[in-house]
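Trainee: Please take me through the nonpolar core and the aromatic rings. A close look, please.

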Amino acid sequence: MAAEGSSSAELEEEFYGAASGWVEARSSCDHLSSLSSDLSHIPPPDSPCSRCHHPAENWVCLSCKDVLCSRFINKHMVGHHQETGHCLALSFSDLSVWCFACEAYLDVQKIWQLRAVYETAHLLKFGQRPPFIAIELEQLTNTQNEGSSPGS
């Protein structure tokens, strides 16, 4: 537990920070222009790392579609980013998208350019389309609720 005398901001950071394991994904990214023009065709999720052939914890580069292992195996995707500058990758483990340049996860529900590759990966991994939040409807509902007065 936090030491006595800790500020509420420090306690909140401890609760919501890295120790909690929860990370908020970004809803925008300046590096989306580096996406491959055809992300409806990607390697299958069980593809091994193209360098060390490790079968798990692999990522697909969203620029060139190369499949490489994670930083927790042999760091080949990290090396690929450093060598090529390709900064967007999708994890075959949990279908999350990471931007190496932003050093952040990206929200595939809110970033339209990522929906096609997420849907393709989900179909390949689970055999069905992923559930998507109806963002337009959600935004419209929020806008309408903000404009209405209480009791109307």
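Mentor: Start with the term. A nonpolar core is a set of buried Ala, Val, Leu, Ile, Met, Phe, Trp, Tyr and Cys residues joined through side-chain atoms within 4.5 Å. Buried means under 20% relative accessible area, exposed means over 50%, and partly exposed lies in between (1.4 Å probe, protein chains only). The model is predicted: local features need pLDDT of at least 70, side-chain atom pairs count only at pLDDT 80 or more, and totals for chains, interfaces and linings use all residues. Residues are numbered from 1 along each chain as its sequence is written, and side-chain values use heavy atoms, with hydrogens and water left out.

Now the core. The largest one holds 34 residues. L32, L62, L88, L90, L106 and L114 have the most contacts inside it. At least two of its residues come from each of β1 (58-61), β2 (67-69), α2 (76-84), β3 (88-91), β4 (97-99), β5 (104-106) and α3 (112-126). Helices (H or I, at least four residues) and strands (E, at least two) are DSSP runs, numbered from the N terminus. Helix α3 gives the largest share, 4 residues.

Take L88. Contact means heavy atoms within 4.5 Å. Setting aside neighbours within four places in sequence, L88 touches C29, H31, L32, S34, L35, V60, C61, L62, S63, W98, C99 and L106.

A pair of aromatic rings is described by the distance of the centres and the angle of the planes. Rings of Phe, Tyr and Trp (its six-membered ring) pair if their centres lie within 6.5 Å; planes under 30 degrees apart are stacked, over 60 edge-to-face, the rest tilted. The whole structure has 3 aromatic pairs. In one, W98 and Y105 have ring centres 4.8 Å apart and planes at 70°, so they sit edge-to-face. W98 is buried at 16% relative accessibility, whereas Y105 is partly exposed at 28%. W98, F100 and Y105 form one aromatic cluster.

Another pair is Y118 with F132. Their centres are 5.8 Å apart and their planes at 65°, so this pair is edge-to-face. It links distant parts of the chain: Y118 is in helix α3, and F132 is in the loop between α3 and α4 (135-147), 14 residues apart. Y118 is buried at 13% relative accessibility; F132 is partly exposed at 28%.

Last, a charge. A charge sits over a ring if NZ of Lys or CZ of Arg is within 6 Å of the ring centre and within 35 degrees of the ring normal. R115 lies over the face of W112, 4.3 Å from the ring centre.
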